[in-house]
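Student: Could you show me how to read the features of a protein model? I would like to go through them one by one.

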Amino acid sequence: SAVTGPLALAANIASTPVIAWGATASALSDRVTYPTLSRSIISDSVFADGVLASISAMGWTRIAILNVNDAWGNGFVQDATASARKVGVEVVIAVGFDLEDRSQMKSAMRQLAMSGVRITLTVTFDTDLAALASMADSFGMLGNGYAWISALDMGFNEVVASSPEPERTRALLAGWLVCTSNLLFGERGTRFDSVRRGEPLHHLNHSGLQGLISDDVYSEIQNGECDTYCATIYDAMWTTAIALARLKLGADGSVD
């Protein structure tokens with residue numbers, strides 16, 4: 001999202017269409033600002049409804065949000081706040097920090113600790129995960145009635161493996177919850193729909209089920225069949241190909 005927005009603004013100068021396959025920030029849906037931008041992936045406003053429905057289903061009514069300061073993170077805070085109002089959840093405090101800025105991260109964590117809120121939704125990348133967990137621990141915010149939920153499927157195993165203290169990092173991340181949007185398509189989508197049709201949204205967001213879906217997805221990735229965004233990339237590429245096929249060249253070589 002942070003890259004797609006400026007790119008789409010620049011492309012608009014020449015009336016050039018842009019098709020994004022992984023940019024989810026809701027602000028990119030603004031047709032006045034981004035008239036030539038289209039997407040093959042859902043916006044965060046849809047995803048945020050699912051995240052907050054899950055939080056509400058757990059009986060949590062007051063949350064904090066910790067986010068990275070970029071188009072995706074700041075936009076998701078707005079979407080999550082709007083979604084929270086729909087389900088009676090109060091966003092008590094939202095604090096942000098610049099990517100990988102440990103000083104800002106520590107200041108944000110201190111504000112969360114002072115707020116007294118025990119449920120925190122993180123809108124951050126996995127490059128900050130180990131540091132976040134360590135700082136949360138130093139402020140006494142892991143365990144003891146605290147809960148952390150990530151709005152991104154972060155690579156926990158990769159974070160642990162790359163940590164200078166892998167066992168400590170693994171212990172700190174134990175129990176960290178994940179709400180993520182897994183793309184279900186093809187045979188996997190048909191199978192899921194036939195088994196889970198009609199179930200309440202929060203029933204489809206528990207960790208065990210997400211784990212089974214993730215295993216299904218990652219087995220395809222490991223076999224070289226797919227990657228996390230292959231469905232949206234596929235749609236974007238075919239949309240581009242179809243559009244190009246419909247272009248007509250004038251006698252002077254200009255595009256009609």
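**Reading the sheet and its helices**

Tutor: Let's begin with two paired strands: strand E3 (residues 62–68) and strand E4 (residues 90–97) pair in the parallel sense over 7 bridges. Two strands pair if DSSP finds at least two bridges between them. Helices (H or I, at least four residues) and strands (E, at least two) are DSSP runs, numbered from the N terminus. This is a predicted model, where local features need pLDDT of at least 70 and side-chain atom pairs count only at pLDDT 80 or more, while totals for chains, interfaces and linings use all residues. Residues are numbered from 1 along each chain as its sequence is written, and side-chain values use heavy atoms, leaving out hydrogens and water.

Student: Which residue stands opposite Ile93 in E4?

Tutor: That is Ala64. From E3 the chain crosses through helix H3 (residues 71–86) to E4, in a right-handed β-α-β crossover. Right-handed means that, with the strands pointing away from the viewer, the path from the first strand over the helix to the second runs clockwise.

Student: In what order do the strands form the open sheet?

Tutor: The 5 strands follow the order E4-E3-E5-E6-E7, with parallel pairing. E4 and strand E7 (177–178) stand at the edges with a single partner strand each, so one side of each has no neighbour in the sheet. Strand E6 (residues 147–150) is joined to E7 by 2 bridges, and Ser150 stands opposite Val178 in E7.

Student: At about what angle does H3 run to E3?

Tutor: Axes are lines fitted to C-alpha atoms, for helices over the stretch in contact (heavy atoms within 4.5 Å), and angles run from 0 to 180 degrees between N-to-C directions. H3 lies across E3, E4 and strand E5 (119–123), at about 165° to E3.

Student: How is a pair of aromatic rings described?

Tutor: By the distance of the centres and the angle of the planes. Rings of Phe, Tyr and Trp (its six-membered ring) pair if their centres lie within 6.5 Å; planes under 30 degrees apart count as stacked, over 60 as edge-to-face and the rest as tilted. The structure holds 3 such pairs. One of them, Phe47 with Phe76, is edge-to-face, at 5.8 Å centre to centre and 65° between the planes.
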